[in-house]
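Have the structure open as you read.

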Amino acid sequence: MPYEGSQSSRIASRKDTGVFGVSAGDSLEVWVSRYLLLALEGVRSEEVAAKIALHLDRFRSFLAEAYGHDRISTVVRRDVVEWQQRLAGSFAPSTVNGHLASLSGFTSWVVVHAPEAFPLGDPVSGVPALPLPALEPRSLNSDQVRSLKNLCDRLERFAQQKGRRHQKAAGAVPTHRHARPWRDRALVFVMLSTGLRRSELVQLDLEKVVPSVPARLRAARRARLIGVRGKGGTHRTVFLSADARNALADYLERERPRDAAETSEALFLTARSVASRRPDGRLSARSVNTILGRIGRLHDSEHTDTTRHVSPLRPHDLRHTFAFGLAKATGADAYELERRLGHRSQRYIARYTNPPEDIAAGYIENM
């Protein structure tokens, strides 16, 4: 069920029916539509509302497939548990829990405004979330970092057109229309240099880079990203390594101008040729996962030694790598780790900076 609606239609609907005295009959689809219109539109972001709409539509589809109808008056806890188990066969536990949270928000809203809608009360109440696997730190060792950077330095070659016509043409071989190898290289080097979270990376604006002129950025010894917005409303400054400075300068010089408009504020932009590009051009967090996953696979295809493999390469792997390296360089200085990682909790700092098992095993081997 797509998330649709407008300010005028929402106001009109509320005038006609009242905000909370809405009778949606016995159709789950109609109830969900009212929920999206009255409880989410203008309250949650369009992206979040669309995700909740998708989750609720999956539950409606499950119900219709199971019973041949979508009557809300028949939904009980047993149905929610079965849906949760079905989802667990296709999605990770965290994704399943996200679906359950979306459904819980909806059913709670229905119960408040129409207590008689469900036959036995809120059907999600008491349904436990799936347990999540323990988060183990995964940081890349020095050999992996070196070969990953080597691959990133050559990314443009992997993005070039392959046909004979292009190979025989005079001049530089063109890259694929959507490919942005200099941007992708800069993403990896900046994350390795700063430990930024994926969400923090895509929220960066060009004005946060000091200096932001490519020539000055290459020459600077203390280039930095200022005002990085982290969890809990925190703001921090992070510094760029020589590799990160050069990679970012290359991107700003070679690719960003192709995708930027006069009003573009975001540092990292989606290619103009991408149909699903956001109006402001800002790269999405999901795209970062896709980019890193592809780079990881390219890297591993060049190495028969499985100990060098980095796939699946994820944003937090680069964050862990930075954190572990910073802990070694600072003697695990808690204050410096807190400042650069944007974490106030010592529990999380310890998780990020504990050595991965292969490095810990090396300590024992060399004793």
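Are Arg-180 and Asp-259 buried or exposed? Both of them are buried. Keep in mind that this is a predicted model.

## The overall picture

The protein has 18 helices and three strands. Of its 367 residues, 42% count as buried, and the accessible surface comes to about 19700 Å², with 51% of that belonging to carbon and sulfur atoms. Looking at contacts with a separation of 6 or more, 63% are between residues 24 or more positions apart.

## Salt bridges across the chain

The count of salt bridges comes to 20. Back to the opening pair: the side chains of Arg-180 and Asp-259 meet in a salt bridge, 2.8 Å from N to O. This one links distant parts of the chain, with Arg-180 in the loop between helix H8 and H9 and Asp-259 in helix H13, 79 residues apart.

Arg-236 and Glu-200 also form a salt bridge, their closest N and O atoms being 2.8 Å apart. Here strand S3 supplies Arg-236 and helix H10 supplies Glu-200, 36 residues apart. Arg-236 counts as buried because its relative accessibility is 6%, under the 20% cut-off, and Glu-200 is buried too, at 2%.

Then there's Asp-243 with Lys-149, another salt bridge at 2.8 Å, N to O. Asp-243 sits in helix H12 and Lys-149 in helix H6, 94 residues apart. Asp-243 counts as partly exposed at 34% relative accessibility, and Lys-149 as partly exposed at 23%.

Asp-250 lies in helix H12, which spans residues 242-254. It's a buried residue, with a relative accessible area of 12%. Leaving aside residues up to four places away in sequence, Asp-250 touches Trp-182, Arg-185, Arg-218 and Glu-255. Salt bridges that share partners tie Asp-153, Arg-185, Arg-218, Asp-250 and Glu-253 into one network.

Conventions: Residues numbered from 1 in each chain as written. Predicted model: local features only at pLDDT ≥ 70, side-chain atom pairs only at ≥ 80, totals over all residues. Heavy atoms only, no water. Helix = DSSP H or I, 4+ residues; strand = E, 2+ residues; numbered from the N terminus. Buried < 20%, exposed > 50% of the residue type's maximum accessible area, 1.4 Å probe, protein only. Contact = heavy atoms within 4.5 Å. Areas by Shrake-Rupley, 256 points an atom, 1.4 Å probe, with all protein chains shown as cover. Salt bridge = Lys/Arg side-chain N within 4 Å of Asp/Glu carboxyl O.
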